[in-house]
Amino acid sequence: SCHSQTKSKSNIIVGGGCEGCEGVFEYKNKILSAIDTLPKFQETEPKLKISGTVYQKDGISPAENVILYIYQTNRKGIYETKGTEQGWAKRHGYIRGWVKTGTDGKYAFYTFRPAAYPDGREPEHIHLTIKEPDKNEYYIDEYVFADDPLLTTKIKNDLDNRGGSGITTPKMMEGIWTIERNIVLGLNIPDYD
């Protein structure tokens with residue numbers, strides 16, 4: 001879902017093409033924190049908490065000031081719109097959110113589990129774009145769910161593991177389904193120095 005991208009300061013496009021990654025900048029006047037709640041969280045089941053830590057390329061040091069942008073379908077498998085969207089929201093819909101990591105690299109999104117596309121051609125997934133302070137925006141592997149019957153062995157084997165594996169295992173914790181994914185910046189990202 002990502003194919004064109006802006007250039008970084010060094011004129012090298014990190015991560016290759018990325019159609020729609022510019023959505024990472026569409027948070028407008030919102031002050032970003034390490035936690036965000038996506039639209040429709042309160043009224044939609046099953047509720048989902050996504051959390052983890054973003055690490056620098058060494059896989060050990062937490063990464064500060066990294067923006068994560070996610071967007072997803074609703075429970076019918078549609079990127080839902082209200083009709084007033086602008087920019088990439090016209091395509092990504094309004095069920096989307098942004099966080100910015102603090103000194104500990106931690107992040108969390110409160111949302112709900114999306115549905116697969118109505119035609120069943122892809123497993124349930126949540127798109128994820130990364131924006132580091134000194135690099136252009138780029139996508140990493142989507143969050144997918146190990147218990148999704150559409151997540152076949154072939155699909156698992158074809159994943160690039162950009163930023164690390166996006167395959168998550170939902171666990172019920174404190175009354176909410178929770179998935180954890182730690183992200184390593186630059187891991188399996190083309191042209192990342």
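Biologist: What joins β6 to β7?
Modeller: A hairpin of six residues links β6 to β7 in this predicted model.

Biologist: And in which sense do β6 and β7 pair, parallel or antiparallel?
Modeller: Strand β6, residues 125-131, pairs with β7 in the antiparallel sense, over five bridges. As for individual residues, L128 stands opposite I140 in β7.

Biologist: Which sense is it for β7 and β8, parallel or antiparallel?
Modeller: Parallel, over two bridges, with β8 covering residues 167-168. The bridge partner of F145 is T168 in β8.

Biologist: What unit do β7, α2 and β8 make?
Modeller: They make a β-α-β unit, and it is right-handed. The helix in that unit, α2, spans residues 153-158.

Biologist: Back to β7. Why is it called largely enclosed?
Modeller: Strand β7 runs over residues 138-145, and six of its eight residues are buried, so the rest of the structure largely encloses it.

Biologist: Which residues touch the most other members in the largest nonpolar core?
Modeller: That core has 27 residues, and the ones touching the most other members are I50, L68, Y107, Y143 and I183.

Biologist: Which elements give two or more residues to this core?
Modeller: Those are β2 (47-55), β3 (67-72), β5 (106-112), β6 and β7. Strand β7 gives the most, with four residues. As a general point, nonpolar side chains in soluble globular proteins tend to be buried together.

Biologist: Take Y107. What is Y107 in contact with, leaving aside its neighbours within four places in sequence?
Modeller: The list includes I50, L68, Y143 and I183. Also among the contacts of Y107 are A34, G52, V99 and R181.

Biologist: What lies apart from that core?
Modeller: Another core does, made of eight residues. Among them are L32, I67, Y71 and Y79.

Biologist: New topic. How many disulfides does the count come to?
Modeller: The count comes to one disulfide. It joins C18 to C21, with an S to S distance of 1.5 Å.

Biologist: Are those two cysteines, C18 and C21, buried or exposed?
Modeller: Both C18 and C21 are buried.

Biologist: Last thing, confidence. What is the mean pLDDT of the chain?
Modeller: The mean is 94, and 95% of the residues reach 70 or more.

Biologist: Where does pLDDT stay under 50?
Modeller: Over residues 1-9. For that stretch the model has 33 contacts beyond four places in sequence.

Technical notes
Residues numbered from 1 in each chain as written. Predicted model: local features only at pLDDT ≥ 70, side-chain atom pairs only at ≥ 80, totals over all residues. Heavy atoms only, no water. Disulfide = S-S within 2.5 Å. Buried < 20%, exposed > 50% of the residue type's maximum accessible area, 1.4 Å probe, protein only. Pairing = 2+ DSSP bridges. Right-handed = clockwise from strand over helix to strand, strands pointing away. Core = buried A, V, L, I, M, F, W, Y, C linked by side-chain atoms within 4.5 Å. Contact = heavy atoms within 4.5 Å. pLDDT = per-residue confidence, 0-100.
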